[in-house]
Amino acid sequence: MDLVHLAAQTMGDRGLEREILVLLDRQLELMEARLLGAAVDARGSIAHALAGSARNVGAFPLAQAASLVERNPSGEEANDALLREMRRVSAFLSPFVAGDAAD
């Protein structure tokens, strides 16, 4: 997670940064559920939406993993890697969501 990128996107507004990170965490939760239940042909559109969101907030490894699924939705390895990266980012976001991250 590139927090410097996020700070630039929010012009240093720490409250807005936290709101965005909370929204990203919620999106990850929803997208994981959708991916786990998605038919192969739906994975690409789910991954496309996730890649854009991830890029905007500075979650570049997540965006890259999502882009791989977008290009090859039937690739089980890519799908599994995306799910792992989503969980990794969600774990990173936990202190921000809980409000425990240092300002």
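**View 1. Polar contacts of the arginine 43 side chain.** In this predicted model, a polar atom of the arginine 43 side chain lies 2.9 Å from the backbone oxygen of proline 73. The side chain of arginine 43 also makes a polar contact of 3.1 Å with the side chain of glutamate 76.

View 2. Arginine 43 belongs to helix α3, which covers residues 40-57. Its relative accessibility is 8%, and because buried means under 20%, arginine 43 counts as buried. Apart from neighbours within four places in sequence, arginine 43 is in contact with Leu35, Ala38, Val69, Pro73, Ser74, Gly75, Glu76 and Asn79. Two residues of this list, Pro73 and Glu76, are the proline and the glutamate of View 1, at 2.9 Å and 3.1 Å.

**View 3. Crossing of helices α4 and α5.** Two packed helices are described by the distance between their axes and the angle between them. Helix α4 spans residues 60-71 and helix α5 spans residues 76-98; their axes come within 9 Å and cross at roughly 155°. Angles over 145 degrees count as roughly antiparallel, so α4 is roughly antiparallel to α5. The crossing in which α4 passes α5 is left-handed.

**View 4. Residues in the contact of α4 with α5.** From α4, the contact is made by Pro61, Leu62, Ala65, Ala66, Leu68 and Val69. From α5, Ala78, Asn79, Leu82, Glu85, Met86, Arg88 and Val89 take part. By class, the contact has 10 nonpolar residues, one polar residue and two charged residues. Val69 of α4 and Asn79 of α5 belong to this contact, and both are also in contact with arginine 43.

Notes:
Residues are numbered from 1 along each chain as its sequence is written. This is a predicted model: local features need pLDDT of at least 70, side-chain atom pairs count only at pLDDT 80 or more; totals for chains, interfaces and linings use all residues. Side-chain values use heavy atoms; hydrogens and water are left out. Helices (H or I, at least four residues) and strands (E, at least two) are DSSP runs, numbered from the N terminus. Buried means under 20% relative accessible area, exposed over 50%, partly exposed in between (1.4 Å probe, protein chains only). A polar contact is a pair of N or O atoms within 3.5 Å; within protein, one must be able to donate a hydrogen and the other to accept it, and residues adjacent in sequence count only if both atoms are side-chain atoms. Contact means heavy atoms within 4.5 Å. Axes are lines fitted to C-alpha atoms, for helices over the stretch in contact, and angles run from 0 to 180 degrees between N-to-C directions. Angles under 35 degrees count as roughly parallel, over 145 as roughly antiparallel, 65 to 115 as roughly perpendicular and the rest as oblique. A crossing is left-handed if the near helix is turned anticlockwise from the far one by less than a right angle, and right-handed if clockwise. Ala, Val, Leu, Ile, Met, Phe, Trp, Tyr, Cys and Pro count as nonpolar, Asp, Glu, Lys and Arg as charged, and the others, Gly among them, as polar.
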